[in-house]
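Subject: Structure for your attention

Hello,

Here is the structure I said I would pass on. My notes on it follow below.

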Amino acid sequence: MQVKGDGDFKVTFENDVAIITMCKGENKINIEFIEQMCAALDKVLENPAVKTVVTTGQGRFYSNGFDLKWIAELGLESTLNFMRKYSQMLAKILTFPLTTVAAVNVSWDIYEAKLVALLAIDIKHPRSNPGRAISEGHAYAGAALISLAHDHIIMQTDRGWWCMNEVHLNLKIPYDLLGLLKEKLSSGQTVHEVVVLGKRYTAKEALRCGIVHEICAPTDLMPTVFSWINNNLPKAGYDREHLQTMKEDLYKDTVVALKAKL
Amino acid sequence: MTETDVYFDVEFDHDIAIITMCRRENKINEQFMEKFHAALDTVLRNPAVKALITTGTGRFYNNGVDVDYTNTLPDQELNNLHDKLSSVFARIMTFPLPTVAAINGHAYGAGGIFALIHDHVIMQTKRGWWCLNEVHLKIQMRRDVIMLLKGKLNQGRALQETVVLGRRFTAEEALSAGIVHEICAPEDLMPRAVTWIRNNLPKSGYDRGHLQLMKQDLYKDVVNTLQGKTAKL
């Protein structure tokens, strides 16, 4: 399904809240996505008045996962390089010196997204078969992890499921990404069901299991974001450096693994 | 009641294997563990099996290590026994089939841990407690087991109550604490286990090798420690 966007990541400011809107149609994750996301985050930081950053998608998609077509063209070295940059982007969001909110404007559509080829290219798993890596499937795991790296996640309830479907596709989840999941999901059993059983969750179920923190109707998404910000964060915000240090301390092992990309 | 010589009963219900622990308290010793491995091997040899249920008989799911016996063992042999027990835990944690523990009665000590590490745990509400009674028996928990418990129980309160205080939990309390995932009346126990399998697992099951790899990846540090690849104490 082809969806056209304006082609960029837009950064807007509403008083002390910065909003990064991903406007690249399905916002599939490739090297350009990573570069634009990181540039947008840096632009937000340049504004000293900003206390919170919200990420969201334009129109129907937050992100529809990894860009399969693009990844299929890459050689092994480029793929590993991409994965490294992806992990580093996750680390950047996870330890961002501002409060981060993911306003997930659409659920990942289980029947439309395509598969992650690169996760299969991991020599530690002799059973993984790069030959069958490119097939119909689900790639939204890549987008799910981006949202998980945020401080607060609001998901709209319209349709679709949340799911890390690697186990159904005989794919390995890399060690550093498993670390992020364990860090952010609230219970060992939830982590187990998400990873080992590849269970799928509606927005309501995701809320109940602590995968997302708030749910709302699609039309209420941004109002709910602002409501949360106004009701939960100190008016004066946080000292940026100290917030970053606090996040780095709390998520130390995960951050080290993401940055080292072992 | 005479103690049966049969430790385990293995049966198949279409694509579901059921291992029933048959002795009175199902206490764990070397023989128990040996025969348990054999029962697991039997299950895996059947290519049609897509899920495994373990359960006990009568008043006990499993009452843990046979301390009357282990208290007579010299240190080296005791250590060996616990190494073997850790291997059993590691095998169940990384079993290449989805596992359901159907707790029909008391699950104490190692028996309680054993249940905890299944993929899904159902406990019936009329009979028995779940309890880690090591602290009451003055048994030291080894580091590998503590790592396992931290991985499986929510940090903080649950860990405190189960390990440090050796609190016993009814089915309802175990459900609240996240130790078990489902509770039901005793007569519903096995039907519920089967229903969970039918409703939550993909019809064609999982690739066995890959399911095992996924479990090994997720619990890498715990499994390595259980298998003695890093220090146990």
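**Helix 6 of chain A**

All residues of helix 6 (residues 188-195) of chain A, 8 of the 8, are buried, so the helix is largely enclosed by the rest of the structure. Please keep in mind throughout that this is a predicted model. The buried residues of this helix are A:Gly188, A:Gln189, A:Thr190, A:Val191, A:His192, A:Glu193, A:Val194 and A:Val195. What covers them includes parts of both chains: from chain A, strand 6 (162-163), helix 5 (175-184) and strand 7 (200-201), and from chain B, helix 5 (143-152) and helix 9 (208-218).

**Chain A overall**

Chain A has 262 residues, and 56% of them count as buried. Its secondary structure comes to 10 helices and 8 strands. Taking the contacts in chain A with a separation of 6 or more, 79% are between residues 24 or more positions apart.

**The sheet in chain A**

Six of the strands form an open sheet with mixed pairing, in the order 1-2-3-4-5-8. Strand 1 (9-14) and strand 8 of chain A are the edge strands, and each pairs on one side only. From one strand to the next, the twist averages 20 degrees.

Which strands does strand 5 of chain A join in parallel, and by how many bridges? On one side there is strand 4 (residues 99-104) of chain A, which runs parallel to strand 5 and is joined to it by 4 bridges. In that pairing, A:Val101 stands opposite A:His152 of strand 5. Strand 8 (residues 214-216) of chain A is also parallel to strand 5, with 3 bridges between the two. Here A:Ile154 has A:Glu214 as its bridge partner, and A:Gln156 has A:Cys216.

**Two asparagines with positive phi**

A:Asn27 is not a glycine, yet has a positive phi of about 50 degrees. This residue lies in the loop between strand 2 (17-22) and helix 1 (31-46) of chain A. With a relative accessible area of 1%, A:Asn27 is buried, because the cut-off for buried is under 20%.

In chain B, B:Asn26 has a positive phi of about 50 degrees, again without being a glycine. The loop that holds B:Asn26 is between strand 2 (16-21) and helix 1 (30-45) of chain B. B:Asn26 counts as buried, at 1% relative accessibility.

**Helix 1 against helix 3 in chain B**

Two packed helices are described by the angle between their axes and the distance between the axes. For helix 1 and helix 3 (residues 75-93) of chain B, the angle is about 25 degrees and the axes are 10 Å apart. That makes helix 1 of chain B roughly parallel to helix 3 of chain B, because angles under 35 degrees count as such. The crossing of helix 1 of chain B past helix 3 of chain B is left-handed.

Which residues of helix 1 of chain B meet helix 3 of chain B? They are B:Glu30, B:Met33, B:Phe36, B:His37, B:Leu40, B:Asp41 and B:Leu44. From helix 3 of chain B, the residues they meet are B:Leu81, B:Lys84, B:Leu85, B:Val88, B:Arg91 and B:Ile92. The residues of this contact divide into 8 nonpolar, 1 polar and 4 charged.

**A sheet in chain B**

Chain B contains an open sheet of 4 strands, in the order 4-6-8-9 and with mixed pairing. Its edge strands are strand 4 (60-62) and strand 9 (168-169) of chain B, each of which pairs on one side only. Strand 4 of chain B pairs with strand 6 (residues 106-108) of chain B in the parallel sense, over 2 bridges. B:Asn62 stands opposite B:Ala107 of strand 6 in chain B.

Regards

Note on methods:
Residues are numbered from 1 along each chain as its sequence is written. Chains are lettered from A and ligands numbered from 1 in the order in which they are written. This is a predicted model: local features need pLDDT of at least 70, side-chain atom pairs count only at pLDDT 80 or more; totals for chains, interfaces and linings use all residues. Side-chain values use heavy atoms; hydrogens and water are left out. Two strands pair if DSSP finds at least two bridges between them. Buried means under 20% relative accessible area, exposed over 50%, partly exposed in between (1.4 Å probe, protein chains only). Axes are lines fitted to C-alpha atoms, for helices over the stretch in contact, and angles run from 0 to 180 degrees between N-to-C directions. Angles under 35 degrees count as roughly parallel, over 145 as roughly antiparallel, 65 to 115 as roughly perpendicular and the rest as oblique. A crossing is left-handed if the near helix is turned anticlockwise from the far one by less than a right angle, and right-handed if clockwise. Contact means heavy atoms within 4.5 Å. Ala, Val, Leu, Ile, Met, Phe, Trp, Tyr, Cys and Pro count as nonpolar, Asp, Glu, Lys and Arg as charged, and the others, Gly among them, as polar.
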